[in-house]
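Here are my notes on the model you sent over.

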Amino acid sequence: MRRENLSPLAISLSTIVLLLCAALSAQTKQNVDLIVSHGLVVTMNAGRAIYRNGSVVIKGDSILAVGPQSEIETKYKSAQIIEAHGDLVLPGFINGHTHVPMTLFRGLHDDVTLSDWLYKYIFPAEAKNVNEEFVRWGTRLAAAEQIRSGVTTFADMYYFEDAVAEETKAAGMRGVLGETFIDFPAPDNRSEAEMLAYTERFLKKWQGDPLIHAAPAPHSIYTCSKKTIQDAAALATKYNAPLLMHVSEMKKEWSDSEKQNGMSPVQYLETLGVLRPNLVAAHCIFVDEADRKLLAERQVGCVHNPSSNMMIASGVSPVPEMRAAGIAVGLGTDGPAGSNNDLDLMEEIDLAAKLAKITKMDPLALNANAVVEMATIDGARALHMEKEIGSLEPGKKADLILISLDEPNAVPMYEVYAQIAYALKGRDVETVVISGRVVMREHKLLTVDEPHALARAREYQKSVSASLGLK
Ligand SMILES: [Zn+2]
């Protein structure tokens, strides 16, 4: 039928039908809580799908859909849209090992050995200064720093960890937070009995929390007896919690274990029965082939901390070999005092690749794809949280970051993983969403009072210096 033959009535009827169709399709679009539109979406899912013009759909605290913009916009609508304008959209970074309240000791004593740093400086400084208030302000400062550089989940080991948990939750961050067990009077607990009681209350309190995973954290085999380690591990088992520990991080730790136990630290932990799928082992520098086989068999998660290992000159973790053995290896900043001095995980991504390359004198030793995996999906595996976080796919928690690609250091871009690993910086992170909640929008922090945290950090510098008789 030719249009000019239509009567005015027919024309208005066809217009009504068209309008009805449009209204119907709008109605059939599912209403969701947040849509991130027009991004370069790097999913880190099993197929490593990348959408050049993609979109992520969020309902509640989870991802509902990820896909091409054209597909998503026909199916979903939301009152809240984050327009990515071609920004890189990535799963939030996972900082697998740190001690966040130590931000307040940042730069206190550098350029010393780990043993000197610990025994001459940091343990005395902690004894004189660390209390619950200190831990709260240190955690707030660290939350600002970590969110700014795209960290959405971190694993922590410190004292007063319940206060760390409260502040982490207030900042809207996800944390695997370990209360330290150590065989000398700690700032929060003066005896092992107190440590056990505190940690049990801590584990009970946070059970089932959507953001906080509470954990016992025996410091190491060189600061904890067999009994302390086993008691901490028993608590973790009782509450189905992770267990965080420094493992084989110093040559001296390894040689002392060989002398005292007749075996490596990893094998010693096996005899204690703590090499289990809930263990998150930081460092793992001195791990030979037999150790690596054991770590893989027991599904222990390992966390590599390149800045820290270089700064303390403690050694180089055999990351390529660990990955080849099937171990989940994540990345951590460690520190932030004495062993790194910042919490920027993007720096660790860059350094992990370069440290492996120079150690082996082989530029192929660890590539960009591998280190981006370590900061995201493999970091999640190392924390035993890969069902929850680490990639952008339906059903996982909505933890994602937007990184500007409109920066002098971001153009041109030929290969996306190499750009993330070697060119982009933590400061390029613009917007951060954790558990479906926007915690930073276009560089503006929404959950942390940053000026207040900075001011208090400067005040702490004065009181910490005075406590140690420094100027
Ligand atoms: Zn550490």
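Which element gives the most to the lining of the largest cavity? Point 2 has the answer, but some ground rules come first.

1. **Ground rules.** This is a predicted model, so to speak of local features a pLDDT of at least 70 is needed, side-chain atom pairs count only at pLDDT 80 or more, and totals for chains, interfaces and linings use all residues. Residues are numbered from 1 along each chain as its sequence is written, and side-chain values use heavy atoms, with hydrogens and water left out.

2. **The largest cavity.** The answer is α3, with six residues. Helices here are DSSP runs of H or I with at least four residues, strands are runs of E with at least two, and both are numbered from the N terminus. A cavity is a set of points, on a 1 Å grid over the protein atoms alone, where a 1.4 Å probe fits but cannot get out; lining residues have an atom within 4 Å of a point. The search of the whole structure turns up three cavities of 30 Å³ or more.

3. **The zinc site.** His97, His99 and His246 (NE2 in each case) and Asp334 (OD) are the protein donors of the zinc ion, at 2.1 to 2.4 Å. Donors are N, O and S atoms within 2.8 Å of the metal (3.2 Å for Na, K and Ca), and since water is not among the atoms, sites may look incomplete. The angles among the four donor atoms run from 82 to 175 degrees, and the site is classed as irregular. For reference, four donors are tetrahedral if all angles lie between 85 and 135 degrees; four are square planar and six octahedral if opposite donors are over 155 degrees apart and all others between 65 and 115; anything else is irregular. The sequence spacing is H-x1-H-x146-H-x87-D. Histidine 99 sits in the loop between β8 (93-98) and α3 (114-129), and aspartate 334 in the loop between β15 (329-331) and α13 (345-360), so this pair ties together parts 235 residues apart in sequence. Both residues are buried, where buried means under 20% relative accessible area, exposed over 50% and partly exposed in between (1.4 Å probe, protein chains only).

4. **Cores.** A nonpolar core is a set of buried Ala, Val, Leu, Ile, Met, Phe, Trp, Tyr and Cys residues joined through side-chain atoms within 4.5 Å. The largest one has 118 residues, and Ile349 is one of those with the most contacts inside it. Helix α4 (residues 132-148) gives this core its largest share, eight residues. Leaving out residues up to four places away in sequence, isoleucine 349 touches Phe93, Leu331, Val371, Val372, Ala375 and Ala421; a contact means heavy atoms within 4.5 Å.

5. **Helix α5.** Is this helix mostly covered or mostly uncovered? Mostly covered: seven of the 10 residues in α5 (161-170) are buried. Among them are Glu161, Asp162 and Glu167. The cover includes α4, β9 (151-158), β10 (174-181), α6 and β11. After α5 comes glycine 172, with a positive phi near 75 degrees.

6. **Threonine 447.** This residue lies in the loop between β19 (444-445) and α17 (450-467). Threonine 447 counts as buried because its relative accessibility is 17%.

7. **Backbone spots to check.** Cis peptide bonds join glycine 335 to proline 336, with omega about 5 degrees, and valine 411 to proline 412, with omega about -10 degrees. Proline 336 is in the loop between β15 and α13. Histidine 85 has a positive phi near 50 degrees and is exposed, at 64% relative accessible area.

Note on methods
On a 1 Å grid over the protein atoms alone, a cavity is a set of points where a 1.4 Å probe fits but cannot get out, and a pocket is an open set with protein on both sides within 12 Å along at least five of seven lines; lining residues have an atom within 4 Å of a point. Grid points are joined across faces, edges and corners, and a volume is the space filled by probe spheres set on the points.
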